[in-house]
Amino acid sequence: MPALLPVTSRLLLLPRALFSMASRSAPSQSSPTSDSGYVPGSVSAAFVTCPNEKVAKEIARAVVEKRLAACVNLIPQITSIYEWKGKIEEDSEVLMMIKTQSSLVPALTEFVRSVHPYEVAEVIALPVEQGNSPYLHWVRQVTKLISDSSTVLP
């Protein structure tokens, strides 16, 4: 029963669930909006790993204050295993799950790169095809002011 799994076991299922969501076939091109008026893909979930909670909180607060994101969830104590400069590395990190307008992903990426302590910061984004309509509209509304302006300040 998935509901009875410990938190760490459920987090292990997150990448599989995200891959499953991202690999589903796109909605028909004949209907660009759903019944709720939401344009599929206009909101994205971006993922950034950080070395610790302090760095993650600082970046999260900054992207929300700058309206580059409506909300950031911090998922502590993930383990990342990766190849870096010819060596297999293993680190404890904090995963940031950032909800924003898809049009803001380039500005979000540039800002994260400018403040992140890693030499190569992970910033990946997946478009949200479906979801709770009021929540998706809220994400767009909160980030609307910056996406409507012609310049985005880091």
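**Close-up views of a predicted model**

**View 1. Thr100 and its surroundings.** Beyond its neighbours within four places in sequence, Thr100 is in contact (heavy atoms within 4.5 Å) with Ser42, Val43, Ser44, Leu68, Ala69, Val105, Leu108, Val139 and Thr143. The model is predicted: local features need pLDDT of at least 70, side-chain atom pairs count only at pLDDT 80 or more, and totals for chains, interfaces and linings use all residues. Residues are numbered from 1 along each chain as its sequence is written, and side-chain values use heavy atoms, with hydrogens and water left out. Thr100 lies in strand S3 (residues 87–101); strands (E, at least two residues) and helices (H or I, at least four) are DSSP runs, numbered from the N terminus. Thr100 is buried, at 0% relative accessible area. Buried means under 20%, exposed over 50%, and partly exposed in between (1.4 Å probe, protein chains only). The Thr100 side chain reaches the backbone oxygen of Leu68 at 2.5 Å.

**View 2. Glu93, a buried charge.** Glu93 is also found in strand S3. Glu93 is buried but has no salt bridge, which would need a side-chain nitrogen of Lys or Arg within 4 Å of a carboxyl oxygen of Asp or Glu. The nearest side chain of opposite charge is Lys85, 14 Å away; Lys and Arg count as positive, Asp and Glu as negative, and His and the chain ends are not counted.

**View 3. Strand S1 between two partners.** In S1, 8 of 8 residues are buried. One face holds Val43, Ala45, Phe47 and Thr49. The other holds Ser44, Ala46, Val48 and Cys50. S1 and S3 pair in the antiparallel sense over 8 bridges; pairing requires at least two DSSP bridges between the strands. Thr49 has Leu95 as its bridge partner in S3. S1 also runs antiparallel to strand S4 (residues 124–128), joined by 5 bridges. There, Ala46 stands opposite Ala125.

Notes: A polar contact is a pair of N or O atoms within 3.5 Å; within protein, one must be able to donate a hydrogen and the other to accept it, and residues adjacent in sequence count only if both atoms are side-chain atoms.
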